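Have a go at each task before you read its solution.

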Amino acid sequence: MDKKRLWEAIRPYIMVLPAMTGIILFVIYPVIYLIKLSFYKYNLMNKDKSKFIGFDNYTEIFTREDFYGALTNTVVYTVGVVGFTMLLSLLIAIWLNKKTRFNAVVQAGIFTPHIISIVSVALVWMWLMEPNHGMLNFLLKAIGLPSSPWLQSSSTAMVSVIIVSVWQNIGYYTLIIVAALQSVPPSIYEAAALDNASRFKMFYKITLPLISPQLFFILIIMTIGSFKVFDTVKIMTAGGPNNATTTLVYYIYEFRTNSIGYASATGVVLMGIIAILTFIYFRLLSKKVHYQ
């Protein structure tokens with residue numbers, strides 16, 4: 001084989017080598033090491049006490065009530081954030097679908113929270129939700145409604161965290177849906193109008209199927225991101241009050257020093273839950289996604 005043919009044969013592998021090196025070092029190796037640690041009783045403060053214990057960590061996970069509490073909180077957070085973000089993003093995107101200067105300004109405005117640091121966003125909302133002097137309770141009292149404890153009560157803390165997450169993410173996903181709406185050929189709507197199709201029927205039969213790939217993408221990405229939420233919870237509530245906002249990732253974080261093996265096993269379980277959910281989404285919804 002001459003040099004030219006040899007180069008043509010190995011060139012694809014050389015081109016993908018940098019990316020594959022990064023994936024191996026920063027994705028595959030950490031996952032394998034995480035699985036390995038999950039079979040050990042591993043103490044970060046005293047590695048000499050570390051020992052292989054097999055599946056004991058996994059057995060412990062499914063016998064602890066605090067794990068199920070964290071899993072329940074994560075499911076509630078995910079359903080709330082994904083559901084409200086997708087619904088509001090779709091409604092706002094329909095409103096902003098027309099290309100006008102005003103809509104362009106609004107699009108830039110609602111996208112701004114997404115590029116702001118979560119630390120800044122969380123601190124501002126903590127000030128707004130302050131029970132005694134916060135702006136939100138001031139507005140509630142001004143319209144004759146009772147004030148809310150927001151982050152200070154276990155009954156309202158999760159709702160408060162969901163509100164902040166939806167507010168921060170809604171602009172990004174709105175722009176994705178706006179781009180999808182503007183890619184739909186106008187001729188399709190013109191043909192439907194000639195057949196006297198109602199606006200609701202055009203939306204349900206034409207718009208939704210044609211933007212379903214983007215909606216499916218948003219559903220998958222938001223579900224994965226919501227199950228891995230940490231920063232918002234850490235800054236705003238630290239898992240409280242009374243563990244009302246302790247999500248799975250924050251639950252893992254609490255075992256970061258003296259129970260690395262248990263934390264690793266919980267991380268593997270979380271990875272499995274996300275993989276199962278993604279598989280279910282593809283099995284149930286992928287056939288309903290309309291690709292042009």
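**Exercise 1.** Find out how far apart the end C-alpha atoms of residues 260–282 lie, and what the span is made of.

*Solution.* Start with the ends: the two C-alpha atoms are 33 Å apart. Next, check the make-up: the span is 100% helix and 0% strand. Helices here are DSSP runs (H or I, at least four residues), strands are too (E, at least two), and both are numbered from the N terminus. Now try residues 12–35: that span is also 100% helix and 0% strand, with end C-alpha atoms 31 Å apart. Finally, look at the record: an unreviewed UniProt entry annotates residues 12–35, 75–96, 108–128, 157–181, 202–227 and 260–282 as "transmembrane region". Such positions are given in the numbering used here, with feature names shortened, and annotations may be inferred rather than shown by experiment.

A quick word on the ground rules: this is a predicted model, where local features need pLDDT of at least 70 and side-chain atom pairs count only at pLDDT 80 or more, while totals for chains, interfaces and linings use all residues. Residues are numbered from 1 along each chain as its sequence is written, and side-chain values use heavy atoms, leaving out hydrogens and water.

**Exercise 2.** Work out how many salt bridges the structure holds, and which residues they link.

*Solution.* The count is three. To qualify, a side-chain nitrogen of Lys or Arg must be within 4 Å of a carboxyl oxygen of Asp or Glu.

- Step one: Glu8 pairs with Arg11 at 3.1 Å, N to O. These two sit three residues apart in helix 1, so about one helical turn separates them.
- Step two: Glu60 meets Arg64, with the closest N and O atoms 3.0 Å apart.
- Step three: Asp66 also bridges to Arg64, this time at 2.8 Å between the closest N and O atoms. Shared partners join Glu60, Arg64 and Asp66 into one network.

**Exercise 3.** Is Arg64 buried, partly exposed or exposed?

*Solution.* Recall the cut-offs: buried is under 20% relative accessible area, exposed is over 50%, and partly exposed is in between (1.4 Å probe, protein chains only). Arg64 has 23% relative accessibility, so Arg64 is partly exposed. Glu60, at 32%, is partly exposed, and Asp66 is too, at 33%.
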